[in-house]
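Thanks for making time this morning.

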Amino acid sequence: QRVLLTGANGFLGSHILSELLNRGFFVRSVVRSQVKADQIARDFPSFKSKMDFGIVPDMTVSGAFNEVVKSTPPFDAVLHQASPFLFSAIGNNAEFLDPAVKGTTEILKSIKAYAPEVKRVIYTSSCAAVLNFNAPVGTTPQKVYTEDDWYPITYDEALAGSKADAYRASKKFAELAAWNFVKEEKPNFDLVCLNPPMIYGPLKHTVSNVEDINESNARIYSNFVDSSKDAPLPLNGVHMYVDVRDLAIAHVKAVTTPGAGGHRIIVSSKSISSQDISDIFRKNFPELEQRTPIGKPGTDSLPEGAYTISNEKVKKLLGLEFRSDEECFVDLGRQLLEIEKAS
Ligand code: NDP
């Protein structure tokens, strides 16, 4: 099968690319510049004959994807997950919202017009589009979020709010745009939206400086590696997570599972508190003794009744299994220390 993948040079994108290539797919990686395409080619040297590249410098431009979706033989599926997430790269809220929403609409328009053989599109949304960030974290009874939930923020609130509001809303309105497109335009493809919470785990793309670590792992680096033993435990932002490798597998399963079409699917492993992460780092990395906050080892630092997110659907529909906290955070911690040393 031939597939097109946007954002293939990023943290999640490079894992999805790896998973697809290892399963025999031909993949066109769509990135913003030739330099980024060249780096992917260097990161995956043994798959030269199974990949090519498309360059889209600005996905908000009308018709931006018209050329890259054309292929002989044609693509069977498209995975769209390029979207701004690096907070330090964003100047104003529209820089989160525009590429997410317009980029999603543009790629769907191009597929409908120029790649009618595409049977499925997978959009990588987020639990940012699911959770209500205005609700208390802990409640009685405990809140269990499911695929029926949406973050009740408006577009105007997102434009006027914090950067975090804008990022979360960018995922909500891009996902909504995708569902609306399918409903109104009735294209030949069906849609699967995958909604992960925080994504953590080792990096597959080349990162040689701590400044270039992706947003979610950068927060782990600054809070748990580049910190101090006596620092207060960082507040958990979103305390639910998924390992990037499990999420990459979910993306491939979303391509290959016929019954997934038309579904919004949360891909969340479990809850992890700041204390849990500190405990794993302190147990496995003696060199972090003075640098990882101690907190109160072995206790639960989350508020009572902290919400959870159901993963029943992804287990049932895609048969997904999740690896352990230790595997995720030990592999990540080791790599963060390596990147730090090389910086
Ligand atoms: P990265 O920052 O590592 O990757 C983002 C990708 O999107 C890169 O390829 C980047 O390209 C591209 N991108 C960013 N801004 C733009 C833009 N304005 N125009 C075109 N392309 C752009 O982030 P992740 O791998 O973590 O994120 C991947 C996807 O997963 C995103 O859709 C994100 O919203 C979603 N997600 C991530 C979570 C996490 O915890 N990491 C949680 C939930 C969802 P370039 O290198 O050129 O900037």
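This is a predicted model: local features need pLDDT of at least 70, side-chain atom pairs count only at pLDDT 80 or more; totals for chains, interfaces and linings use all residues.

Seven strands form an open sheet in the order β3-β2-β1-β4-β5-β7-β10, with parallel pairing; strands here are DSSP runs of E with at least two residues, helices are runs of H or I with at least four, both numbered from the N terminus, and two strands pair if DSSP finds at least two bridges between them. At the edges stand β3 (51-55) and β10 (264-266), each with a single partner strand, so one side of each has no neighbour in the sheet. Neighbouring strands of this sheet are turned by 20° against each other on average, direction ignored, where axes are lines fitted to C-alpha atoms, for helices over the stretch in contact, and angles run from 0 to 180 degrees between N-to-C directions.

Residues are numbered from 1 along each chain as its sequence is written.

Strand β2 (residues 26-31) pairs with β3 in the parallel sense over five bridges, and F53 in β3 is the bridge partner of S29. Helix α2 (residues 34-43) packs on the sheet, touching β2 and β3, and its direction makes about 145° with that of β2; contact means C-beta atoms, placed from the backbone, within 7 Å. Helix α3 (residues 94-114) lies across β1 (2-6), β4 (77-80) and β5 (120-124), running at about 170° to β4.

Turning to another sheet, three strands in the order β8-β9-β11 make an open sheet with mixed pairing.

Key: Two residues are in contact if their C-beta atoms, placed from the backbone, lie within 7 Å.
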